[in-house]
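Open the structure in your viewer and keep the selection tool at hand. Each stop below tells you what to select and what is there.

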Amino acid sequence: MVSVPRLVIAAPASGSGKTTVTAGLMAAFAERGLDVSPHKVGPDYIDPGYHALAISSAGSSAGSPCASGAGRSRTGVARPGRNLDAYLCGPDRIAPLFLHGAAGCDLALVEGVMGLFDGAAGQGELASTAHVAKLLRAPVVLVVDASSQSRSVAALVHGFASWDPEVRVAGVILNKVASDRHEAMLREALEGCGVPVFGALRRTRAVRAPSRHLGLVPVAERHAEAVGSAAALAARVREGCDLDGLLALARSAPPLSGRAWDPEEEIHRAMAAVPGAGGRGDRAARPVVAVAGGAAFTFSYAEHAELLTAAGARVVPFDPLRDERLPEGTAGLVIGGGFPEVYAPELSANEPLRTAVAGLAASGAPIAAECAGLLYLAHSLDGEPMCGVLAAKARMSERLTLGYREAVAVSDTSLAAAGTRVRGHEFHRTTIVPGAGPEPAWGLVHPERRTEGFAQGDVHASYLHVHWASVPGAAARFVDRCASPAG
């Protein structure tokens with residue numbers, strides 16, 4: 001049994017202010033000297049970056065988040081923002097992943113996704129904030145947008161608190177409150193509701209993060225401004241919230257049973273159980289796996305680098321916007337998601353790196369590319385030349401492609417043996433033509449059936465984002481290919 005003080009910060013609906021309130025709480029508690037562990041329900045990559053910045057800028061003088069998106073707490077422990085997605089990783093992994101990320105912390109804060117009870121489409125509570133809160137046995141604090149209501153707030157809070165008796169809605173933070181009088185009306189309405197009010201925050205535009213076609217602009221693109229916003233958020237929360245009461249509520253969470261997720265153990269099991277994982281290369285060689293980062297490639301789950309390291313790789317980040325060469329000794333390349341469409345001219349202008357990536361692919365080295373990585377490997381993006389590894393052209397689209405997917409590997413690639421089943425998600429406003437190569441990477445089986453992506457040599461390129469904690473064999477297989485490439 002492990003005791004971790006923890007809260008889930010939820011809301012009745014998207015747009016209520018979960019991210020700003022959560023980041024403000026993280027910064028305010030970090031300013032108090034607490035070691036805060038940041039978490040996010042769902043697959044979103046952007047919010048965890050703001051979480052890591054909040055604890056880093058407030059709780060440490062160590063400087064800006066590192067390339068992996070991690071901030072450093074007052075104890076010097078790297079605390080990347082971590083995702084808890086019961087669809088991608090399975091319900092049984094949620095508590096272990098949480099315990100892994102929160103190990104040794106004073107307080108863990110978990111930001112929810114969408115509305116409290118909104119989960120994977122057509123699958124009940126699966127992957128909802130409520131589902132994760134139950135798996136973590138965590139008290140829930142509801143952030144309510146009070147801008148257009150007064151007495152009705154009591155009916156709203158009562159409904160959410162009583163909907164599922166297994167979900168402990170233990171407090172409310174009122175957001176976007178207009179005035180002292182408005183706050184008094186809201187508090188009076190909630191007096192008989194049985195759910196205490198832990199704070200009231202006034203309306204303000206001063207600390208809003210800018211948005212664009214896929215949501216908030218990532219921290220890596222606006223770091224200096226975001227640091228100032230984190231400080232302003234911390235001040236708002238200090239003034240408007242009962243931090244002592246919230247900390248006491250977090251400490252009331254019961255102990256969690258089970259063991260923390262361990263990347264070393266996961267890799268050991270994967271090598272023993274997954275066909276093609278283990279046995280191909282010299283694991284003592286520690287092959288260099290270059291991982292794209294910087295402003296154009298900000299989407300990555302912290303566990304991916306941990307699994308690659310556990311599998312024997314030496315993970316080296318690089319920035320395709322700045323670096324003209326791949327890291328010395330690169331044996332494999334991982335290019336995750338992000339916003340290459342925003343930086344297409346700059347990426348194209350870095351011709352030496354594009355040539356190096358194309359040469360690496362031609363040599364037979366393993367390359368794993370997701371979404372933004374797929375676009376970067378294409379012939380062109382919005383007319384700008386890219387790496388030319390794939391005979392495909394990409395462009396921006398008006399249509400948002402978003403949702404969970406179930407897929408099966410069609411071809412043997414550096415990430416998966418043919419027949420491997422995975423769960424992933426798509427999140428983009430781009431299209432690529434053709435949408436699949438002669439040998440596709442995946443066959444999507446739910447909610448629609450189609451082939452997708454490219455399996456070309458030892459290149460795996462796809463729009464599908466997969467959380468490797470659910471398929472640790474992917475990391476083991478990839479590093480094995482790096483240690484002993486097929487080409």
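**Before you start**

This is a predicted model, in which local features need pLDDT of at least 70, side-chain atom pairs count only at pLDDT 80 or more, and totals for chains, interfaces and linings use all residues. Residues are numbered from 1 along each chain as its sequence is written, and side-chain values use heavy atoms, with hydrogens and water left out. Helices (H or I, at least four residues) and strands (E, at least two) are DSSP runs, numbered from the N terminus.

**Stop 1: α5 and α6**

Select residues 152-163, helix α5, and residues 180-190, helix α6. They pack at an angle of about 45°, with their axes 8 Å apart. Axes here are lines fitted to C-alpha atoms, for helices over the stretch in contact, and angles run from 0 to 180 degrees between N-to-C directions. That angle makes α5 oblique to α6. As for the terms, angles under 35 degrees count as roughly parallel, over 145 as roughly antiparallel, 65 to 115 as roughly perpendicular, and the rest as oblique. The crossing of α5 and α6 is right-handed. A crossing is right-handed if the near helix is turned clockwise from the far one by less than a right angle, and left-handed if anticlockwise.

Now show side chains. V153, A154 and V157 of α5 meet L186, A189 and L190 of α6. Contact means heavy atoms within 4.5 Å. The residues of this contact are six nonpolar, no polar and no charged. Ala, Val, Leu, Ile, Met, Phe, Trp, Tyr, Cys and Pro count as nonpolar, Asp, Glu, Lys and Arg as charged, and the others, Gly among them, as polar.

**Stop 2: around α6**

Stay on α6. Which of its residues are buried? They are H182, E183, L186, A189 and L190. Buried means under 20% relative accessible area, exposed over 50%, and partly exposed in between (1.4 Å probe, protein chains only). Look down the axis of α6: the buried residues fall within an arc of 130°, so they line one face of the helix. The arc is that of the directions from the helix axis to the C-beta atoms. Turn to the other side of α6, where D180, R181 and E188 are exposed. Among the elements covering the buried residues of α6 are α5, β8 (169-177) and β9 (197-202).

**Stop 3: α1 and α8**

Select α1 (residues 18-31) and α8 (residues 243-251). Their axes lie 12 Å apart, and the packing angle is about 95°. That makes α1 roughly perpendicular to α8. L25, A28 and F29 of α1 make the contact with L243, L246 and L247 of α8. By class, the contact of α1 with α8 has six nonpolar, no polar and no charged residues.

**Stop 4: α9 and α10**

Next, select α9 (residues 263-273) and α10 (residues 302-310). They pack at about 60°, with axes 9 Å apart. α9 and α10 are therefore oblique to each other. Their crossing is right-handed. P263, E264, E266 and I267 of α9 make the contact with E306, L307 and A310 of α10. The contact of α9 with α10 has four nonpolar, no polar and three charged residues.

Stay on α10. A302, E303, H304, L307, L308 and A310 are buried there. Just after α10, find G312, with a positive phi of about 110°.

**Stop 5: positive phi in loops**

Go to R137, in the loop between α4 (129-136) and β7 (140-145). Its phi is near 50°, a positive value in a residue other than glycine. R137 counts as partly exposed, at 44% relative accessibility.

Then pick D382, in the loop between β16 (380-381) and β17 (384-385). Phi of D382 is also positive, near 50°. D382 is partly exposed, with a relative accessible area of 38%.

**Stop 6: P366**

Select P366, in the loop between α12 (351-362) and β15 (367-370). Is P366 buried or exposed? At 0% relative accessibility, P366 counts as buried. Not counting residues up to four places away in sequence, P366 touches A331, G332, L333, S414, D458, F478, R481 and C482.

**Stop 7: cis peptide bonds**

Zoom to V433 and P434, joined by a cis peptide bond with omega about -5°. P434 is in the loop between β19 (421-433) and β20 (442-446). Finish at H446 and P447, where the peptide bond is cis, with omega near 5°. P447 lies in the loop between β20 and β21 (450-452).
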